[in-house]
Every structure is written in structure tokens, then in C-alpha cells.
Amino acid sequence: MTVELSLTRDPAHIRHGSNIGQPMTRTDGVLKVTGKARYAADNHPAGMVYAVIATSCIARGRVTSLDVAAAKRHPGVIDVMTPAHKPQLAEDPDAKGNPFAFRMELLQSDEVRYANQAIAVVIAETLEAATEGAALLSPRYQVEIARVGLDAGEAYAPPVVGIGNPAEVRHGDIDAGMAAASKLTDATYETPAQYHNAMEPHAIVAVWDGDRLFIDTPSQGMGFAQMRVAGLFGIPPANIHINSPFLGGGFGSKGLISGPQVLGIMAAKLIGRPVKLVLRRSQMYGPVGHRPPTRQRIRIGTDDAGVLAVINHEARVTTSSFDDFYEPAADASHTLYASPAIRTAHEAVRVDTGTPLFMRAPGEATGSIVLESAIDEAAFACGIDPLEFRLKNYAEVEPTTGKPFSSKALRQCYAKAAECFGWAGRPLQPRQMRDENGFLVGWGMGTATFPAIMFQGNARAVIRADGKGVMETGAHDMGQGAWTALAQISADSLGLDFDQLTFRSGSSDLPDAGIAGGSGHTATVGAAIHNAGAAVIAKLAELATSDERSPLFGAGNAGVVARAGRLHRRDDDTRSESYAEILARAGLAEVDATGSGAADAAAQSQYAMHAHGAVFAEVKVDPELGQIRATRMVGAFAAGRIINPLLVESQLRGGMIWGLSFALHEEAVMDKRSGRILNANLAEYHVPVNADVPPMEVITVDEHDPHVNPLGIKGVGEIGITGSAGAVANAVFHATGIRVRNFPIKIEEIVMGLG
Amino acid sequence: MMNFDYVRPASVADAIAAGSEKGASYLASGTNLLDLMKGGVSRPSRLVDVTRLPGLDRIEHLADGSLRIGALVRNADLAHDADFARNYPAVAEALLSGASAQLRNAATVGGNLMQRTRCAYFYDAGSACNRRWPGAGCDALKGENRLHAVLGWSEGCIATHPSDFCVPLVAFDAVVEIEGKSGRRELPLEALHCLPGDAPERETALERGDLIVALRLPAAAKNFAGHARYVKVRERTSYAFAVVSAAASLRIEDGRIREARLALGGVAAKPWRAREAEQVLTGAAPDVAVYREAARAALAEAKPSGDNAFKIELAQRIMVRALTLAARGTPDRIPALPGSPFSSVAGA
Ligand SMILES: Cc1cc2nc3c(=O)[nH]c(=O)nc-3n(C[C@H](O)[C@H](O)[C@H](O)COP(=O)(O)OP(=O)(O)OC[C@H]3O[C@@H](n4cnc5c(N)ncnc54)[C@H](O)[C@@H]3O)c2cc1C
Ligand code: SF4
């Protein structure tokens, strides 16, 4: 069976390329740098008051008393919302309606499930009064011993991991692979808990008008949020109007509306006034998801020549005591290397934390740093250059499914990045290179990969009487540049110059654009836009080609092409007519059409769809003090069609920096007795600062993918982390000869290991 | 809101009167104090804003060759004062290795000296901490303590003093000028911070109402300008406190170390002057073997207070490094990565 899809399906009258592919700067850039961009917490509707959450300082137990009277006595405090005093909800916040409904704490009981959980909400005329009111509640607790860390309890096999992936996958004969392997790498790694820490905290401004609700809140998925809120408050989704034009980052933590945001809506309902609720930084370490810690044992067997015989990747992850999200860490081993036998398996332990959730490259980030480190170990065990080892085991088809890749330019990524980096001639043995100052120098590499995912999204296109166009879609700009990239696609889809287009986005009143996650937003919404544009141009073409008075008469729908606001005859470019002329003659004020984008099930069953990349890193290590400094990183990525090279480079660069952070810096430190997070602030929760970020080269490798979606887009939001973390870790090994298997790599491991 | 009085006295005398009241706290730029208040760790009933006090923002060269730095001089202004950086390069380097540019622009000299420990349990109002609540216990002792003290700690408290600035200062015999209810007095900086012993809540030698008005660097401190370095190991290149740091200054004549000044940071509840090490170095030829011996002497009494044995090893190595760099000579310019082991790298 041949699959005829995607680009070949392109309506003949659409020609992408005038806007797509251009390195346009952000359309919202000036608004942002001048402070005019209005983020959720910048809104102040008339009569608005402030809500502040009081959080639990124990991780497990019950709240036995709250001094509500003391809080209420405080000047300015209006009300205190508690389990005993709150608006009635239409739905149990612990109900599991669908795989995306996670349990949330909406004061349904006095139970404490984790530290930083909301136990009350104080509403006051000022932020200061609400803050002090929350402090005056002086909660008392009945404390139970907190379960903390990967050994907190009995491990069990989770039903699924990620969203609906099997917890265990077997391909080929593992035992035979183990038996056949003459070289075995058997290593156990640990990765820490991490928190999203978007610059903009979760915030909401909620206004009720009867049973209609208006909210300003950062959201990566307004449609999902509408559904959840509708269920909780027993009102139709259409009554909920979400405004979310800009996010100060989300990284997955704003994919689903969180408990604290809903508490803001409840507070507004309770007192019948508009309410603003903004989380404090420390309050973001609990109720809005996190990347759970993992312990991963990975066994990689090869023959003497370094050809893979088996990969057995097992991961233990934590989840909360009350809900199920399982970081699919081991799944990272499904697609990259051509091993005849592959097993991935997960087990889980329940702990007293908030429920972990999607955090930029969930599973891929935790799994890939381990896989890429272990591949480095295996290559070293075989005495083979890590790049050569990877090429030797290059997957021509997806190993676990046997499907061909829809496209895969990973070889070119390896070649380009290696060349740019100057990888050739790297000594195999570690601790061979020094710079002129005596620092140990190490080079490491990692392969990057991320699936090309599509969700479901819609768009509406309009051509107006003046010949200009409008594209509407409830898409989400997390700072990645959706306002710009989607507008570029819109302009091309409508055959218009960029400045002839009005692009509307960021509101739930517009067509549902699905979720900005899984690196699938541009692909999904881009397809919806493309289809909406194609449909509206088809209507125009219909009008023109069926009208005798038009120079396009008789050309047929496929016989015209749209360009710069005109339709041209394909066979005679000089015969053309403007959109305005077509509409004027037809006596129409506008024509409109909708379009949607979604994964193509036929194509998906036929092909494995992934973006790929190769990252090379250089680190220098002080030979006595153990201080590590990344000094160079080069990444080459093949991710299908590049809509805007500037934005794409910024996404990839940001991902690579996160990879560096994963390897060297980032970690939430939890007290093992109390379950409290000890570094819930940006001073102590370390991410790289500018001075840690080395010169970086980001290369995109051309990839034409006719199968993933109409535009051939694979997504770039998350892949940057995946190869980078391993590359940095491997460079540290190459510099020092010390293989640190606990991330982030800490100075004591290096100092004590250097001898 | 959490109500407290805010006063902005016009004179030092008024400030001391206001600051002597129960529950009063001096407020300089607030980069430390306000964070503590927001976290509920400090709840002063009265803030005495000292930032407008006249005459405390000057850098004065005194007749005896010493330098007097007003308590309100900003960390960044001091570090960027060309004279200061030339005469006391290790101090300038230490200042510039601290916090971030924004914080250094705000932070005052007095506030830097008086900043509180960064022990996470001290900041977490839900944890037991003898400093915050005498007798409550110390949750750090059996908790997350890889960055805690290895010298001078007690079972009562294993916290470290976080200042970078204080480390070279203590090496140079800096003196703190204090105004209080009973007038003016002076204290060697080395005596300002207390080791915890059995009274960890007593962090400094200041009495209620005592105001630091100035800091003095004696004339002799300038003699080390040619051989003075500060080295700081931290978990990222900027905007992080020291895991361990060292200030080393040497006076080298005729190929011999005539005088050495050494101090360690991040190892104890105070900036740690390493006098035994100085003795080992005095009279010796600058050489890595003698640096090692000095470092061993400096850490002879050290013991881990938790998961931090590596800091004893690291402290010795960083001392050797600081000495090596100091002996090599102070660079012409303060490096772009101040205090970093990578600061010697061209273009760093
Ligand atoms: C994120 C972060 C990172 C940091 N990193 C570093 C670092 O790497 N290295 C480093 O050395 N420091 C670091 N700091 C600490 C910083 O140096 C201090 O916060 C600053 O020096 C305090 O000065 P201030 O003027 O703001 O003091 P304030 O916060 O106003 O006061 C601090 C304390 O000193 C008291 N005080 C102030 N002035 C006087 C006076 N004249 N007499 C008596 N008592 C007084 C106050 O009552 C208060 O208790 C960091 C701080 C932050 C927030
Ligand atoms: S080490 Fe000191 S500051 Fe930290 S918790 Fe213990 S007593 Fe408090």
C-alpha cells in the first residue's frame, strides 16, 4: 500500500513559502519589551480583591485547626475559604473523568497529601492583608510520617506510563540478547525531582457574571481548562471565557488548569467579587506538577564489535499517594538504536508529593540522559568512538515496531554537528586532553529524539471585502513565538502578505486549538490554519472561476493559485483578480471557512514519526577543585519543516541549556524526614545563569517529511534537552574518567573522584 | 498586612535610640532582611531604615594609611572604586564573586557583614532551628547538610556564614566600628561573628541597638596588593553562594614569603582565619609543597558535620589554589569571572 498524504494532498492553490521559512522577529516582541503585553496577573477588573493560599508545611496528615478568627480579625481580610466554608462544587475534584483529569486539592477535606498543598484561602482587600491573614491561620496538624524518595515504599507496576503507554514493552528475545552479548554495560542512574519554575507564576483573575465566568489565566490548553472548570462548577463550557494571550513560560505546568487556579475561581464565587490569585514562587513546588525523581537500571549488551544485542531499560519513578502519573523514562529506549532485543519497564513508588506531571520532554529528558550516558559507557567498553558506535547501531526502521520512519535525517545531523564541533580525532580514553591552562577537557555527545505528535486543533479563516484576511485560533503562546509562527502560516495559507493579515489568538472564544504541549502545537494548529486557509481560498476560487465576468472564469478550482491577495490563472499568470474584486462582484462582505488539524491515523500506523538531533559538548574541569564548566555546545536537529528559523533556534537553544542544567545544576532538594522542599526558590534551585551558558551553535538540517502533517512540521519545543544532557555528562566523563551516575553531577563526586 | 513601624532616623543617635527598642531591626537595602520577613523567619515590629543616615556612604583614606569604608557604601560601588580595587584586589574580587550584579548594586557593606546564614532549615519556618528558636533543635544536623560547616560547629548548629566579602576582610585584620547605646567601640571583624557553641542563636557580638557605622582596613593590608586572590567554588558561575572559598595574600620578598594572610569561606559560622597556615608559610619559599602543608594545618581541626567530608578536602585544595594564584601575582584587571577557578582562562 502506498500512502498518499500530506504535501501531495496540498490544495493546488496554496503555495507555502512567502512567509513560512522567514526569520521574522516576534510580532509581540515590542509589546513585551515595552511592558505593554498584558499577562494574566496584570489585569485589575473593577472591584477586584486578592486571594492568598495558605499552604501546608507538613507532607502528610490532617489539619486539625485553623485560626480563622485571627485571620478574619486582621484589617482588610474579607473572608477565609476552608473545607468548612467554600462554594459547593458540582463535581468531586478527585473524580477521574478522563486521562487528563488529575486530582486536585480544592479544600475538599482536611487531609494533607503533600507539603505546599493549599489548606485555606484568605481573601482580602489588599495582597498584603491576604498574605498576613494566611500567616495568622497558624494551622495545627496531626502529622503522619512522610513517604519521601524512591525507596519510600513497595514498588509496583503501574498500569500505564505517560498517557496510555504500556508500562512494559518487549521486543525480541531479551534472554537471547543477553546470552549473545559478549560485552555488557549494567549501570544504575538516578535523576532528581525538578520543578518547571516558569518565570510567570500560575495566576488567575476570575470574574463571575451570573453563571458566566471570565478568567485571565496562563494556559497551555484553554479547551481542557474550560471542560474541567465547567465540570467542577456545573456550567456549560461555553459560559467560560478564558483569556490567555501570553504566558511567561509553562513547560507543561500550565497544560492543565491546576488546583490553585480553580481556588481563585472558587474564591470569586464565594464572595461575589472579582478575585486575583497569584502563586508565590515557593507555592509552585507542589500543586502544579513536577518531574519526578527516577532510578534507572540499564543493561546494554553488544558483541565485541559493538553491535547491539540487547537494551534492557528499567525505571523506577515516584508518583503521588493519591493519583497516577508515571514518568515514561525508559520509553526513551524505544526508537533510537537498532537492537534486536529491547525491553523497557517501569515500576513506581507512592510518595507524599504533589502528582508529577508533564515537564518539558517528560520521559524523554529523564530517560535520554540515562540512555545516552549508558550508550557512552557501552561504546567505551567496546573501545569504539561514541559517534561510530551510534552509527553502527543506527536504526533504519523503528526498532520496537519495525515501522519505517516518515523521515529521519539523523545521519546528516551527526555529520554536520560533528564537523562543526571538530569531533574527529577525539581520543577514546578519558583524561587525555588539557587546555593551555591545565584544565581537563572532555568531549561528549548525545543523540536527541522526540516524537512528532499531533493533537486536535481548529482554526477559522476569513477574507474580507477589502481583500485582507483574518485567521482565528485559540492557540497558546508560551513565549515560544506562536503569535508569529502561526501568523506566518496563516499569511501563506491565505495567499497574503504578512501585513494584510489579522491574526487572533489566545482566547477560548476562538476555535479550540487543543493543547500547546508535546511539541505538537505548531504542527497541529498549523495544519488547522492551513486547512482553513485552503478552504476559504477554495471558496474565493469557486466564486471567481464560475463567474463569466472574471478573468479566471473556467480555470477550475485547481487551475488558480493564490498569491499576495490575488488569484492567478495557473496557465496564464497575467490573468488574475484580487480578492477584493472577487468579493465585490459577488456582493459579499466576506467569505469564511474553518479547518482542523489532527494526526492522520493511516499515516501513523504506517510510519514512525520522530524528530532527531545530535548534540556535542565540550566541558573543562578544574583538575583539583572539580569545578565543571561547559565551554562549547553544538547541536544539529532535523525536525521537518522549519517555519521560522529564528524562533526554532531559540527553542532548540533553550532546550540545550535545559539539558546542560539537567546534567550539572538542577535539582529540588527534599528533606527526607519532613517531605518539605528545601530550595523552593530561584536563589537555591539552580538553573544555569548566563555565565554558565557556553557559546552554542544550533544547526537545523533540512528534512522534507510528506507524512507527518500537511506542512511537514515535527516540532522543536522539547527535543533540545534530550541529547544535550547526555552530551554534557559524557563530556564530564571524557574529561575526568569519572562516571557520575547521579544527576546533577555534584562537585563532591568530581573532587573526591579526581584523587 | 503584617504591620510594623517604619522609621527613618535622621542621625546615628536617633537610629540607635530607635534600634534599641525591643523588636527593632535595622534595615539597610533589605536584600536579606526583606526575604526573611516575607518567609516569616524575621518578624520585626519596627524597621529602622538606616540607608539615609548622613556620612555613612563614604570611602575615606585616613592619615595612618588605613581605609575607612562607611557601612552604607554599596557592594558594587566599593568593588568598582579604582583605588580600592588596586589596593585590595582580593577584597574587590570577593565582592564581585558574590550574589548578582543587581544585588551588589543594592547591598550595603554593613548588610553584607550582618547577613544571616543560608541554611535552608533556617529559612524554612516549618523546620526546627536553634538559631531561630533557641532549644528547638537543629534539623540540619541529620538533614540535607552537604554544604554545612566543617570547622567550629557544634551539635547545636552547623550553619556557615555565607559572605564572600568577609573572607579576605578577616584575613586583613579588618576592624568594625560600632555605635551603640554606650557609645562608640571597635571590634576586630574576626570577633564579630560567633561560633555556635551552646548558644547558636547568638550570631554576632553586637548588642541590641548596636549599629555598624564603618569598616576599617589597616594600612598593612595594602602591602599584599601584588599577591592577593580570592577563589570560590560554587554550583554555578554566578549568583550562587560558595561551597568553599579562600582568600590568600602574600608579601613576597627575595623569593621568600615574608607574610601570609589566609582565610576560608563557607566552612564555618564565621569567616575563618587560618593562622596556623599563615605560620607555616611565613619565611618559606613559595612552593606548592608548603602550600599543601599550610592547607593541612588550616584544616587540621576540621570534621564533617554531615554529608560534607568532601569540603575538608576541597577547602585544602582551594587554599592551595588561592596561594598558587596569589604567588603568581595579582592580575592587572579583575577577571570577568571573579573568584572562579576559570578566571585565569583567557577570555573568561
Ligand atoms: C539570591 C541571593 C544571592 C546572594 N549571593 C551572595 C553571595 O554569593 N555572596 C555573598 O557574600 N552574599 C550573597 N548574597 C547576600 C547579599 O550579599 C546580602 O543580602 C547583602 O549583602 C545584604 O545587604 P543589605 O544592605 O541588603 O542588608 P539588609 O538585608 O538590609 O540587612 C541584612 C542584615 O544586616 C542588618 N544590618 C544592616 N545594616 C546594618 C548595620 N549598619 N549595622 C548593624 N546591622 C545591620 C540588618 O538588620 C539585617 O539583619 C546573596 C543574596 C541573595 C538574595
Ligand atoms: S544548622 Fe543552625 S541555622 Fe541551620 S537549622 Fe541547624 S541551628 Fe538552624
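Two strands pair if DSSP finds at least two bridges between them, and strands themselves are DSSP runs of E, at least two residues long, numbered from the N terminus. Keep that handy for the first exercise.

This is a predicted model, where local features need pLDDT of at least 70, side-chain atom pairs count only at pLDDT 80 or more, and totals for chains use all residues. Residues are numbered from 1 along each chain, chains are lettered from A, and side-chain values use heavy atoms, leaving out hydrogens and water.

**Exercise 1.** Find the bridge partner of A:A562 in strand 24 of chain A.

*Solution.* Start with the strands: strand 23 of chain A covers residues 560–563 and strand 24 covers 566–569. They pair in the antiparallel sense over four bridges. Across from A:A562 sits its bridge partner, A:L567. Finally, look at the turn: two residues separate the strands of this hairpin, and A:A564 there has a positive phi of about 50 degrees.

**Exercise 2.** Work out which residues have the most contacts inside the largest nonpolar core.

*Solution.* First, the term: such a core is a set of buried (under 20% relative accessible area, 1.4 Å probe, protein chains only) Ala, Val, Leu, Ile, Met, Phe, Trp, Tyr and Cys residues joined through side-chain atoms within 4.5 Å. The largest one has 83 residues, and A:F616, A:V619, A:I745 and A:I750 have the most contacts inside it. A second, separate core has 48 residues, including A:A37 and A:L711.

**Exercise 3.** Say what share of chain A is buried.

*Solution.* Take the 755 residues of chain A; 63% of them count as buried.

How values were computed: Buried means under 20% relative accessible area, exposed over 50%, partly exposed in between (1.4 Å probe, protein chains only).
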